[in-house]
Amino acid sequence: MTTPTAVRFSETDIERFAAHRGRIALIVDAEGRMDTAARRVNRLSKGALKRAVEARMEDSWQAGDILTLAYPAGMDAEAVDVLCLGRSADETAAREAGALLGKSRGKSDLLVAVGTLRGAAHLVQGAVLRDYAFRDHKTSGAAPAGTIEVMCKDPSELEAAAAPLLAVADGTFMTRDLVNEPANILTTTEFADRLAEMKELGLKVEVLEEAQLEELGMRTLLAVGQGSASPSKVVVMQWKGGEKDAAPLALIGKGVVFDTGGISLKPAAGMEDMTMDMGGAGTVAGVMRALALRKAKANVVGLVGLVENMPSGTAIRPGDVVRSMKGDTVEILNTDAEGRLVLCDVMWYTQERFEPAGMIDLATLTGAIIIGLGHENAGVFSNDDALCDAFLKAAKAESEGAWRMPLGKAYDDMLKSPIADMKNIGGRPGGSITAAQFLQRFVKDGTPWIHLDIAGVASLKSASKLAPKGATGWGVRALNRLVADMFETG
Ligand code: BES
Ligand code: MN
Ligand code: ZN
């Protein structure tokens, strides 16, 4: 497990700058104005800081820039990182500036002087989010050691402001660890065990096993997993921080721990990427963790369908007809369109059991969404403008790309089957939309619903602003914020 680097908060202590042996980070605004801490470092370095900033200003010195002085004279520090940021930086700018520090920290102890910076809590969150490395399988050592200390005017106030943001970073790390974990280790059983560990945080966690799923009639979910040696499971997580009888928000995740495509086998090249096909479930887990850690005053249930899609003598075949929990029958024409078969049963079960106030599913559902939106935005599909707009607003505030896509009867018609109630594929045109239409057939009238197709954003081949390459944890911040904006009392 990757634990976020611990952050300490303290009062600005000018004396300690000269003696600090790790990295020091300071903020200087776009006009070159320095705060007390920066002025002190400037004096210690005999004006080197001021000269370096002025030299940069002749070229370009704007919010988000960073300048590094290595082994500055007059100090013990190994480096001074100077961030360009206004005193009234917004949350996004502060988070991204912090990320630059998180990226450069390495193994060093980082001492950041933020003074009275308005976005300081977000700067701290950004530093922690970017300071992630998945090292569980490196025999050469554990995660880089080192600490982060933040010096400011009022440490207890900043610590309180940062606490919920650090809870969200912690949840994001859980998502990233799950998504990065290879499939031989993160089996359905291991996944369920890791979720069950969150009971410690006050979450109620139940694991439904195959016999129970059979009894509930979740035949389409079980069909996906029937070719695998790993048993299919549904895990139900409940956080009850809101009013006693308030209907919960439901989060549902696709947890295909590995997607070979099944009998409709995927090509070999790149198949290893399908270890991230549980990204939806990983995000749900991370959000639930964040909500529990920050003791959110909301009722939220998180359900994940954990299966492995393998080809074998017991696997489903193209052409099989299977009955869903809802009762509708599905002609499975392509066993690689398996995510929707998992989600439809979990969605139905969720509505029957919880009558949620809103239902949001997340899934690495289609390659087509990557063709449409690339790796910049998740596809957003919804039957409810108010919920959808609130989500898009939250995603924007967290700079998590999200773009609404259409739904409509003409797309739904593409799922007609000659022998069953529907088929599980709609053809190549609009592949992400027909996948969403399939899911919508399992949304009850009156349930506000959002489907998030995160195939393009859950894991990236190169580093992004807030994450190294690999799992991003996309959606944890946006969903946490949506809960805060729309479902939290008081
Ligand atoms: N898990 C894949 C979608 C995917 C592709 C996720 C690339 C992440 C990166 C999904 O189960 C799948 O195989 N979808 C098929 C659907 C098709 C058979 C209708 C696809 O997108 O090709
Ligand atoms: Mn598939
Ligand atoms: Zn899949």
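Predicted model: local features only at pLDDT ≥ 70, side-chain atom pairs only at ≥ 80, totals over all residues.
Local features need pLDDT of at least 70 and side-chain atom pairs count only at pLDDT 80 or more, while totals for chains, interfaces and linings use all residues. Residues are numbered from 1 along each chain as its sequence is written, chains are lettered from A and ligands numbered from 1 in the order in which they are written, and side-chain values use heavy atoms, with hydrogens and water left out.

**View 1. Helix α5 against helix α6.** Helix α5 (residues 120-130) packs on α6 at an angle of about 25°, the axes being 9 Å apart. Axes are lines fitted to C-alpha atoms, for helices over the stretch in contact, and angles run from 0 to 180 degrees between N-to-C directions. Helices (H or I, at least four residues) are DSSP runs, numbered from the N terminus. The angle makes α5 roughly parallel to α6 (angles under 35 degrees count as roughly parallel, over 145 as roughly antiparallel, 65 to 115 as roughly perpendicular and the rest as oblique). On the α5 side the contact (heavy atoms within 4.5 Å) includes A120, A121 and H122, and on the α6 side L158, A161 and A162 are among the residues. By class, the residues of this contact are 13 nonpolar, three polar and one charged. Ala, Val, Leu, Ile, Met, Phe, Trp, Tyr, Cys and Pro count as nonpolar, Asp, Glu, Lys and Arg as charged, and the others, Gly among them, as polar.

**View 2. Helix α6 against helix α10.** The axes of α6 and α10 (residues 279-293) come within 7 Å and cross at roughly 155°. The two helices are therefore roughly antiparallel to each other. From α6, residues including G171, M174 and T175 take part in the contact, and from α10, residues including G282, G286 and R289. The contact of α6 with α10 has eight nonpolar, six polar and two charged residues.

**View 3. Helix α6 against helix α16.** Helix α6 (residues 155-180) and helix α16 (residues 476-487) pack at about 135°, with axes 9 Å apart. This angle makes α6 oblique to α16. In α6, V168, G171, T172 and T175 meet V476, R477 and N480 of α16. Two nonpolar, four polar and one charged residues make up this contact.

**View 4. Residues around ligand 1.** Of the 17 residues around ligand 1, K266, D277, D336, E338 and G367 come nearest (a residue is near if one of its heavy atoms lies within 4 Å). For D277, a polar side-chain atom lies 2.8 Å from a nitrogen atom of ligand 1.

Definitions and conventions:
Polar contact = N/O pair within 3.5 Å; in protein donor to acceptor, adjacent residues only side chain to side chain.
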